[in-house]
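Dear colleague,

I am handing over the structure we spoke of, and my notes on its side chains follow below it. Please read them with the model open beside you.

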Amino acid sequence: MFKKIAILVIFFYFLTLFQTSFLTRFNISGYQINLVLLSVILICLFAPRWFAEKDKRSARYMGIISAFIAGFFLSVYSNAVFGFEILVLVCIAGFMKFIIERYVWI
Amino acid sequence: MNTDLRKKIIIAAACLIVFFAVVNLTGFSDNIKNAFYVFSAPIQKVFWNAGNRASNLFETIYNSKNLKSENDYLKQENQRLLAEIARIENIRQENKILRTVLDIGLTENFKIVLCDITAKQGDFILVDKGSDYGILEDMPVVTAEKIVCGKVSKVYKNFSQVMLLTNKESSFGAEIQEKNASGLIKGKGSGSLYFERVSKDKEIQERDIVVTTSLGGIFPKGLLAGEIKKIRRSDAEPFQQAELSVLFNLNDLESLFIITDY
């Protein structure tokens, strides 16, 4: 579990730097793709399936842990109140976890 | 979910909320952010430069179909500018003579601090100079060509956050000098900029250059702010407004100047 969290921290750290430095040049009609948010959504969607066999606990909480880490890094580069992005992403991940566990594949 | 786990989650969430409230209220969040910026600056510099090169490449490919028309337009523009330079050269000579006659000193220079852009988020950018270099909030940020980019909105120890002109909260006095038309420049977000509250009896035209006024005390007078792209007049409105082209392109910039005294 801790190894997975360490990997997530490194992954989201570099992704946030990439998002705020590289991707700022590429936008469509002024809108910029948010890779960090997209990654959190993908992890929320597919982590239950990836880890269902090996590690049940990871399967259930990986989405929320990812949202927390990603939210922290986004908060560092945001102008809003520190922690606001964590709240938003954790709420999104929690909502997705609820829907997936109740209606989809676990 | 069993009751014990639910209790633990509620306690953990409450602790986190208290932690972030304390971090925000004590200003410790600024120290956390500054530490991250210092630690990440070298990596961000690499990403920023790579982004520059990649966007230039894509831009060249995208614009290749318009090259001929753009070339014709630039040739015309070049001729117009050559004529303009000749005219300005005459004025400069005349000005030099008049200065000598009137014994007027050189124009006042700004005190500036050179800074590099390290990140961009929406209509904010992060630059690598902070309170260590005497940077304060509301200091103007300009390019080497004296085009105003924005103002410092938040200062950390080694970094500063700059609010671009195009930000929705940005608003300052501006004028078209040769037409004596003054108004307000307001950002509308997503890179758009408007020149508003311009009296209807002033004849403004497309491609007029709008410069800052010292009204509001943030920007020095005479910095380039934008070029009029589209004018909007309505009988129902007491004023006319114009959409502006932003004169700076962050993709081409690596360094900016913070004016610390003027």
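A residue counts as buried under 20% relative accessible area, as exposed over 50%, and as partly exposed in between. B:Cys15, at 49% relative accessibility, is therefore partly exposed, whereas B:Cys149 is buried, with a relative accessible area of 0%. Please keep in mind throughout that this is a predicted model.

On the cysteines, a search of the whole structure finds zero disulfides over all chains. B:Cys149 is accordingly in no disulfide, and the nearest cysteine sulfur, which belongs to B:Cys115, is 9.1 Å away.

Turning to the aromatic residues, there are 17 aromatic pairs over all chains. In one of them, the ring centres of A:Phe72 and A:Phe73 are 5.7 Å apart and the planes stand at 70°, so this pair is edge-to-face. A:Phe72 also forms an edge-to-face pair with A:Phe82, at 5.8 Å centre to centre and with 80° between the planes. This second pair links distant parts of the chain, since A:Phe72 belongs to helix 3 (residues 56-76) of chain A, while A:Phe82 lies ten residues away in the loop between helix 3 and helix 4 (84-103). A:Phe73 is buried, with a relative accessible area of 6%, and A:Phe82 is buried as well, at 2%.

Finally, two lysines of chain B are placed over tyrosine rings: B:Lys129 lies over the face of B:Tyr133, 5.0 Å from the ring centre, and the charged end of B:Lys188 sits over the ring of B:Tyr194, 5.7 Å from its centre.

Terms used. Residues numbered from 1 in each chain as written. Chains lettered and ligands numbered in written order. Heavy atoms only, no water. Phe/Tyr/Trp six-rings, centres within 6.5 Å; stacked < 30°, edge-to-face > 60°. Buried < 20%, exposed > 50% of the residue type's maximum accessible area, 1.4 Å probe, protein only. Helix = DSSP H or I, 4+ residues; strand = E, 2+ residues; numbered from the N terminus. Lys NZ or Arg CZ within 6 Å of the ring centre and 35° of its normal. Disulfide = S-S within 2.5 Å.
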